[in-house]
Number of protein chains: 4
Amino acid sequence: MTDFFKGIPAIRHEGPDSDNDFAFRHYAPEEVVMGKPMKEHLRFSVAYWHSFAWEGGDPFGGQTFDRPWFGEGMEKAKLKADVAFEMFEILGAPYFCFHDVDARPEGASFAENTRNLREITDYFQGKMETTGTKLLWGTANLFSHRRYMSGAATNPDPDVYAFAAATVKSCIDATHQLGGENYVLWGGREGYETLLNTDMGRERQQAGRFLTQAVEYARKIGFNGTILIEPKPQEPTKHQYDYDVATVYGFLKDFGLEKEVKVNIEQGHAILAGHSFEHELALARELGIFGSIDMNRNDYQSGWDTDQFPNNVPEMALAYYEVLRAGGFTTGGTNFDSKLRRQSLDPEDLILAHVGGMDACAAGFKAAARMLEDGKLEAARDTRYAGWDGPEAKAMLAGGFEQIAARVEGEGINPEPRSGRQERLENLVNRYV
Amino acid sequence: MTDFFKGIPAIRHEGPDSDNDFAFRHYAPEEVVMGKPMKEHLRFSVAYWHSFAWEGGDPFGGQTFDRPWFGEGMEKAKLKADVAFEMFEILGAPYFCFHDVDARPEGASFAENTRNLREITDYFQGKMETTGTKLLWGTANLFSHRRYMSGAATNPDPDVYAFAAATVKSCIDATHQLGGENYVLWGGREGYETLLNTDMGRERQQAGRFLTQAVEYARKIGFNGTILIEPKPQEPTKHQYDYDVATVYGFLKDFGLEKEVKVNIEQGHAILAGHSFEHELALARELGIFGSIDMNRNDYQSGWDTDQFPNNVPEMALAYYEVLRAGGFTTGGTNFDSKLRRQSLDPEDLILAHVGGMDACAAGFKAAARMLEDGKLEAARDTRYAGWDGPEAKAMLAGGFEQIAARVEGEGINPEPRSGRQERLENLVNRYV
Amino acid sequence: MTDFFKGIPAIRHEGPDSDNDFAFRHYAPEEVVMGKPMKEHLRFSVAYWHSFAWEGGDPFGGQTFDRPWFGEGMEKAKLKADVAFEMFEILGAPYFCFHDVDARPEGASFAENTRNLREITDYFQGKMETTGTKLLWGTANLFSHRRYMSGAATNPDPDVYAFAAATVKSCIDATHQLGGENYVLWGGREGYETLLNTDMGRERQQAGRFLTQAVEYARKIGFNGTILIEPKPQEPTKHQYDYDVATVYGFLKDFGLEKEVKVNIEQGHAILAGHSFEHELALARELGIFGSIDMNRNDYQSGWDTDQFPNNVPEMALAYYEVLRAGGFTTGGTNFDSKLRRQSLDPEDLILAHVGGMDACAAGFKAAARMLEDGKLEAARDTRYAGWDGPEAKAMLAGGFEQIAARVEGEGINPEPRSGRQERLENLVNRYV
Amino acid sequence: MTDFFKGIPAIRHEGPDSDNDFAFRHYAPEEVVMGKPMKEHLRFSVAYWHSFAWEGGDPFGGQTFDRPWFGEGMEKAKLKADVAFEMFEILGAPYFCFHDVDARPEGASFAENTRNLREITDYFQGKMETTGTKLLWGTANLFSHRRYMSGAATNPDPDVYAFAAATVKSCIDATHQLGGENYVLWGGREGYETLLNTDMGRERQQAGRFLTQAVEYARKIGFNGTILIEPKPQEPTKHQYDYDVATVYGFLKDFGLEKEVKVNIEQGHAILAGHSFEHELALARELGIFGSIDMNRNDYQSGWDTDQFPNNVPEMALAYYEVLRAGGFTTGGTNFDSKLRRQSLDPEDLILAHVGGMDACAAGFKAAARMLEDGKLEAARDTRYAGWDGPEAKAMLAGGFEQIAARVEGEGINPEPRSGRQERLENLVNRYV
Ligand SMILES: [Co+2]
Ligand SMILES: [Co+2]
Ligand SMILES: [Co+2]
Ligand SMILES: [Co+2]
Ligand SMILES: [Co+2]
Ligand SMILES: [Co+2]
Ligand SMILES: [Co+2]
Ligand SMILES: [Co+2]
């Protein structure tokens, strides 16, 4: 045991009236909702990078956090892992996620990186066996090192593609070794700063091949987890190719990967792309590519990725409602790709931020479950479209414009609009949240 | 001749030093650039709706314009057409575009609408023969009438689908009769106000069938023009399904229409979707679905569609550069889907707005042509990606991660980044504009 | 009694478990919170314009609503008033607000407008006496008529200033007659479309004089209500002079009106200006100009004023928290400057939208009251700044840089940062909402 | 001479047809425009921080630049200065600007910081005498060090106020020693992340006192330069107090500083605040607080401060037009608060970025001068407001609502709107740019 979280107890469910900061009010892991325990619905995951590797910097200022594991070398990396797994246990978080660079010391070459990654993977494996924490997903950081400044798979230099491909291979290996349930690709530098120096068509082909090779490699080694792309519209680039769910879908279709690859949708990225979170979730569901979520919110007044812990329960209820309508998570889960505010310096802040986030998720999820079980929303939706279930409507879709026009003219069809009832549906939602 | 534009001369090219408001400084229709006359490159088109049907209202105020053709009935409709064709001639605009509702009186039924449309189509045909003005595209207005308040193809009521389909059929007929070179669909109400009352999956299927039926009908009657979708992210809806070029592409792929349908890209809609105009143009080109443009700008500080006449020549040069890289227009053209500012009350304003827009387009286009002919930008781009032309790079793309990783490790590949040279490319652009 | 709301009962409080759409779950008008009945805290008001005068149009489509009072003439205007007062009673809304043009038929001259306004004012007065409904504020619509297209007070034409001034006089008279507790000015056209034709300095002087004259006139006739400006950053104009609370404050200071005039803050306008609603409320409080609120939300993904009924209780709790910290409303209140969605056609929709909004306000307000009464948030805030209460800190503020620098150097002051505790404060808020 | 810029020549004016990357096409320092040399109009300044201290990091990646002066200690600091002054000479930039932390090594205490700053100030002084480069402004960095994470003047800890005050004193001293023509305050951390832990009223008072003390100290030591505030709406904070020009004006009025302090307006910050650059310039002029400009643009599609070198000449012409209407710069100038794109690694990139920016400024400035000299725009503006110059209009402003209303009714005033002529004015602008 390190003493980083000294004095902080394991977090327990104490019910909505608890006055204890270090308790859940809504999240009761074993409580059964819609037929299974909440922990199996929500499948919470902690992100290694923000919580343990981020130092508190922003574009206008440097490190604010003071952590005993900051620094170089394998010993620091292992200390970081020790503290991380202690936090997973304090929270009762069943899953975690990591990038290679969060976990291992940076080496001078690909070979050294890989050796370091293997050593820390083994170390993680031991801790996972001891604690029972599982890996939701692994991923490669192909955006922080300066070699990736102009992209990884989409770099103008084929050697960078090579380095990135080799790195992803090593990260799929690590994910597979740790029993990861998914593997994520976020193309933080796959995009451009200016069209003037960019060959968009070429880069698209490179990205398509890279993803295809990743899928082929994963399947070849027997990795059965889900391959996920995380969309984001921009930042750090001016334009990022995996802009949003709809864009990723077109890309997958183009390369015949829409059955192989799904999406990891982040609330903050949905907002930055001009969508609501629930829009992206619903769209992914309808397109058959819903995978997992990053449940960290964006500030509505900030134009960059603020990656804040979530706390608006009514919004979260709408999100989980779409997740439940998709059948819930299979390999996916609720990951907090959230970072502490830069001024939240204390170990307690790190715990409480997750406690609050998990609890807000639980409250939102339970509201969503009630909405779905009560069935009023779905009944209203079905009623609205009921006309389409008739044989004449189906025949119309199957036919052509000439028959339709003849019928409109012949029958004098002249439809009257009917109320969309938006406000009463919004009122209805407010009964559950 | 009406007397609406009395005293306004036909607009001629007088060169950059002209002090005449009613002259072109840059647009010389017959001047040959890159092997053909400017008028054949730019293919200017005037939009009937904004210029002749819009009354000057906005969400906070009503009509400001005072036009002799405002009002009901076929005589007013014909007077409107008379003035419109006079304006096309004053400007020397080779093309125009219209919606059914811009041109015909509104009837009480589909049958009456169709009769009115036929009568005005014949009237247009006569004027087109006389004046030589051609039709760039026709389209149906499926968004203004209250029957469409919840969508046209994507309406929960199949009767609205039917009415819309019959209407599009009538507009394809009219477009075909007039020799239109394209037919456009803008799904202004195909989207939603709230997910709570929306069945997104069902609506997507309806939209896919509608478009398929439109294409089938057009081909059946021998219409050889291009079918175009105009993307827009939102407004009037909270979310519009044809969000942007990438979204439309995924939709077309899903319904197997990516060879049949292209996009009409509007600057203002690109901006509202969080993209630059040149991004949308370049992406459409790379995806093989570039069709035509609406060259009206959006105010960068306004969050709605301002549809202003374009005037920023350096931005327009970047847009035409992407058009030229796509091979230029085939059936497409430069349409002004622009409206006068609501305070620009006078007939002269209508003429001068178009004169300024056409002239700015010409200046931007000529700058783009010089950039492409000089070849410096393309040479820099090719050099940047030259590494990909080698056999080793090609083999890498064709192979798999294992070979790549072995090579990275074996050869100790550790790439150094190279300058992206953005500022010097931006300087280079400024030599031409 | 008209039969517009036939079958709709008066809305009663039935408690959180009620299954009745036509009931309050949270709003119990007589329930005492923090020492007085909720109705006296919340002071709900209905806006005449959106609920009774708006026809359901948007920039891409026309009227969707079908109301028996739409049309010309005094009889229609009185029927509208009959229905409006019936709705106020159904809701138990103690207040309403109106513009002149909402209430009276449009005349051909100022004199006719004024006669019409007087007639309808008398009619309102009778209804107010009968029903007990009070007037929260009156206002003049200086933006819809084409004469105001280039501004009212800030118009380049002094005759428009004159017409506007005379109109405001008539509306202050009407407000005074009806015992209005405030008079509001929203400068919807006081701004510009382009700087190229605008003399910003001149227009600022005109606006300053206009407001001064309004205040002087109101005081002269014995109107003791509060004069309020409603800030908005843009729309319908590209730029509106009363951009936000901070901008209005500078304007008031410039003309010496900061003691005479306060602000009416709308959630949607705060959002459009890049602020949170609670920011604008807190700032107005600190500047001493907090007056009243328009509690209608904006869609976060739409760049124009959506004026939706509010429903996000946690956000509303933060807003009422700032209101309570300002001491609550004095002459101000909670006005719904909200319109039905364009597809919400039915009389029931109009009632239910207000019911849901009032209920969400009540839920948010009660959460805010609990937060303030429990005192934990304020205690944390006070602790954070406690260092400033010491004499040394006060002396430092009173002194100069030289003494401070001497002390920093002499004492070796080198402060360590302390956690801002944001996440735990956010968790704390979630216990109340 | 260092060899950092080896092989790069001094930049000379070669005229618009030059094919030399290392030449000015438009900027001819000695060319007389509107009565004085361009260099005296434009007063170009280079920012030390972005060009010499920034390492190429962004929120998702670290250092990309490789500079011989990166590292600790005074020798590195002097090498940096050597290279910087070499660049000023290559460019012929008459001015530079710096923060203390850009220039000096970071010390362990205020005393050490001050000693370091004095040493480098002396070193700068020597170089300035040798080269003739002058200081446009000095400033203190009160935002990067973790001690400032919760603000400087507005920190909850009075010791941070003290440290900040002492630091600003030392920077005013350095600026005064170097003959700086202005002193700038940018309150990068004067704002908040969450209202929940913020006492906005208290912080406003602290900010007011801090600025007052700064002004008093500067005047006391005989510094006659202008004190400038640089507004920015947000980033790094969620909300920054000096949001925009209008907000700063209200703040200055509140503390009686509107005659003492002016604004330094940055294009990128204007955009982030929802304004056009020319809006902020025109407003500052009308309020009497126009001081200086940071002529670096923001990407219109990015929601954070991109600080790019400017290149859109028509936009820049509109900005310089407002500057010229303000009478041009007195102590202010054209500062490039611009950074290279992170991928622009080479010494040449640094030079060419500035060359392109200076040249675009010169082109824009000359267009603005032509517009003003030709007088057509101003004549149109004057005509539009001519009605206000009459005695009746003046009397109306001086009087009250009752007289106005009597006149409106008596004379039957019913004004007709007149065209705002926006498009023809936009066309007119395009003749000059
Ligand atoms: Co994120
Ligand atoms: Co994420
Ligand atoms: Co548009
Ligand atoms: Co368009
Ligand atoms: Co509003
Ligand atoms: Co309002
Ligand atoms: Co900046
Ligand atoms: Co700046």
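This is a predicted model: local features need pLDDT of at least 70, side-chain atom pairs count only at pLDDT 80 or more; totals for chains, interfaces and linings use all residues.
The interface of chain A and chain B is taken up at the outset. On the chain A side, 91 residues are in contact with 93 residues of chain B. The two chains bury about 8500 Å² between them, and 62% of this area is on carbon and sulfur atoms. Within chain A, the residues that lose the most area to chain B are Leu196(A), Tyr385(A) and Phe401(A), which together account for 10% of what that side buries.

Asp157(A) and Arg418(B) are joined by a salt bridge between their side chains, with an N to O distance of 4.0 Å. The element of chain A that gives the most to the side touching chain B is helix α7 (residues 200–220), with 12 residues. Sorted by class, that side of chain A has 44 nonpolar, 21 polar and 26 charged residues.

The interface of chain C and chain D was treated in turn. Here 93 residues of chain C are in contact with 92 residues of chain D. About 8500 Å² is buried between chain C and chain D, with carbon and sulfur atoms giving 62% of the area. Leu196(C), Tyr385(C) and Phe401(C) are the residues of chain C that lose the most area to chain D, and together they make up 10% of what that side buries.

Across the interface of chain C and chain D, the rule finds 10 salt bridges. In the salt bridge between Arg146(C) and Glu416(D), the closest N and O atoms are 3.2 Å apart. Helix α7 (residues 200–220) of chain C gives the most to the side that touches chain D, contributing 12 residues. This side of chain C comprises 44 nonpolar, 22 polar and 27 charged residues.

The largest cavity holds about 1500 Å³ of space. Its lining consists of 47 residues, of which Tyr300(A), Gly303(A), Gly303(B), Gly303(C) and Gly303(D) are the closest to the centre of the cavity. At least two lining residues are supplied by each of α9 (267–272) of chain A, α9 (267–272) of chain B, α9 (267–272) of chain C and α9 (267–272) of chain D. By class, the lining has 21 nonpolar, 22 polar and 4 charged residues.

Over all chains, the structure holds 140 salt bridges. Within chain A, the side chains of Lys169(A) and Asp173(A) form a salt bridge with an N to O distance of 3.1 Å. These two residues are separated by about one helical turn, because Lys169(A) and Asp173(A) lie 4 residues apart in helix α6 (residues 158–177) of chain A.

Some local backbone features remain. In chain B, Glu235(B) and Pro236(B) are joined by a cis peptide bond with omega of about 10°. Pro236(B) lies in the loop between β10 (226–229) and β11 (239–240) of chain B. In chain C, a cis peptide bond with omega of about 10° links Glu235(C) and Pro236(C), and Pro236(C) is placed in the loop between β10 (226–229) and β11 (239–240) of chain C. Arg43(C) is not a glycine, yet has a positive phi of about 50°. Arg43(C) is located in the loop between α1 (38–42) and β5 (44–47) of chain C.

How values were computed: Residues are numbered from 1 along each chain as its sequence is written. Chains are lettered from A and ligands numbered from 1 in the order in which they are written. Side-chain values use heavy atoms; hydrogens and water are left out. Contact means heavy atoms within 4.5 Å. Buried area is the accessible area (1.4 Å probe) that two parts lose on being put together, summed over both. Ala, Val, Leu, Ile, Met, Phe, Trp, Tyr, Cys and Pro count as nonpolar, Asp, Glu, Lys and Arg as charged, and the others, Gly among them, as polar. On a 1 Å grid over the protein atoms alone, a cavity is a set of points where a 1.4 Å probe fits but cannot get out, and a pocket is an open set with protein on both sides within 12 Å along at least five of seven lines; lining residues have an atom within 4 Å of a point. Grid points are joined across faces, edges and corners, and a volume is the space filled by probe spheres set on the points.
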